[in-house]
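Please look over the sequence and the structure before reading on.

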Amino acid sequence: MIEPPTRSATPQRELEPPERHPEAPAPGTVLPSHYENCVACGPSHPTGLRLVSTAGPEVSISGEFTVTADHQGAPGLAHGGVLALALDETLGGLSWLLRRPMVTGRLETDYIRPVPVGTTLFLTARCLGFAGRRMYAKAVGRLGPEGSVALRASAVFVVVPPEHFVEHGTDMTTEQVHDYEVNP
Ligand SMILES: CCCCCCCC/C=C\CCCCCCCC(=O)SCCNC(=O)CCNC(=O)[C@H](O)C(C)(C)COP(=O)(O)OP(=O)(O)OC[C@H]1O[C@@H](n2cnc3c(N)ncnc32)[C@H](O)[C@@H]1OP(=O)(O)O
């Protein structure tokens, strides 16, 4: 049997180093929501995470959100899928700094500590580099700004043409996607 190609989020060869785009928001800039109804960052989503991201140095980003009763799995504890959502959003936000549209290909998550309702989770994500269209990145989630590590993730994002969102999504025209590219 032929082995399928590895999908690991650990790079299998040396990566091209990431380059912060010259027009990337300066470190410390609070990033706007990329879509008001996004379940992770949208301010109009009734029960979403309302995760707020901030540009970091080099190609890194930080994010935070407070776990509410809407995010529970076991009573009083955040659902693992919701925590993966927070990691996915923070990692995806690296595209603000790279100015390249990307989608999640693979997300590997280690759950290290339970995250109780009421916790403000502090996330950071860092781009490791590229192998062709694949962008490799890592993220960490802490219980407090300098608190213990509750989550770790490794991910592969795949660079897509802007038309990906027109072809597969709804309510988005090619013109809107190109406007977004110029002024996200
Ligand atoms: C215009 C804006 C400018 C920038 C401004 C930015 C502003 C900030 C904006 C926004 C922040 C965003 C915050 C949101 C974050 C949330 C992100 C999500 O949740 S995304 C939704 C979930 N993910 C999907 O829905 C993907 C579904 N999958 C697909 O559509 C396809 O499978 C896709 C595109 C991933 C690949 O399909 P193919 O046909 O294009 O290409 P193939 O040839 O299959 O793959 C290309 C390369 O990627 C690797 N690859 C593909 N899938 C992989 C996987 N699962 N794991 C590892 N590698 C994978 C392949 O091995 C290949 O590598 P080789 O080029 O051969 O080296």
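**Strand pairing and charges**

A155 in β6 is the bridge partner of A137. The model is predicted, so that local features need pLDDT of at least 70 and side-chain atom pairs count only at pLDDT 80 or more, whereas totals for chains, interfaces and linings use all residues. Residues are numbered from 1 along each chain as its sequence is written, and side-chain values use heavy atoms, with hydrogens and water left out.

Strands
- Strands β5 and β6 run antiparallel and are joined by nine bridges, where strands are DSSP runs of E with at least two residues, numbered from the N terminus, and two strands pair if DSSP finds at least two bridges between them.
- In the hairpin of β5 and β6, five residues lie between the strands, and G144 takes a positive phi near 110°.
- Strand β3 (residues 102-111) also pairs with β6 in the antiparallel sense, over nine bridges, and D110 stands opposite R152 in β6.
- Nine of the 11 residues of β6 (residues 149-159) are buried, that is, under 20% relative accessible area, with exposed meaning over 50% and partly exposed in between (1.4 Å probe, protein chains only).

Salt bridge
- The structure holds one salt bridge, defined as a side-chain nitrogen of Lys or Arg within 4 Å of a carboxyl oxygen of Asp or Glu.
- This contact joins the side chains of E108 and R106 at 2.8 Å, N to O; E108 is partly exposed at 27% relative accessible area, and R106 is partly exposed at 35%.

Methods
Helix = DSSP H or I, 4+ residues; strand = E, 2+ residues; numbered from the N terminus.
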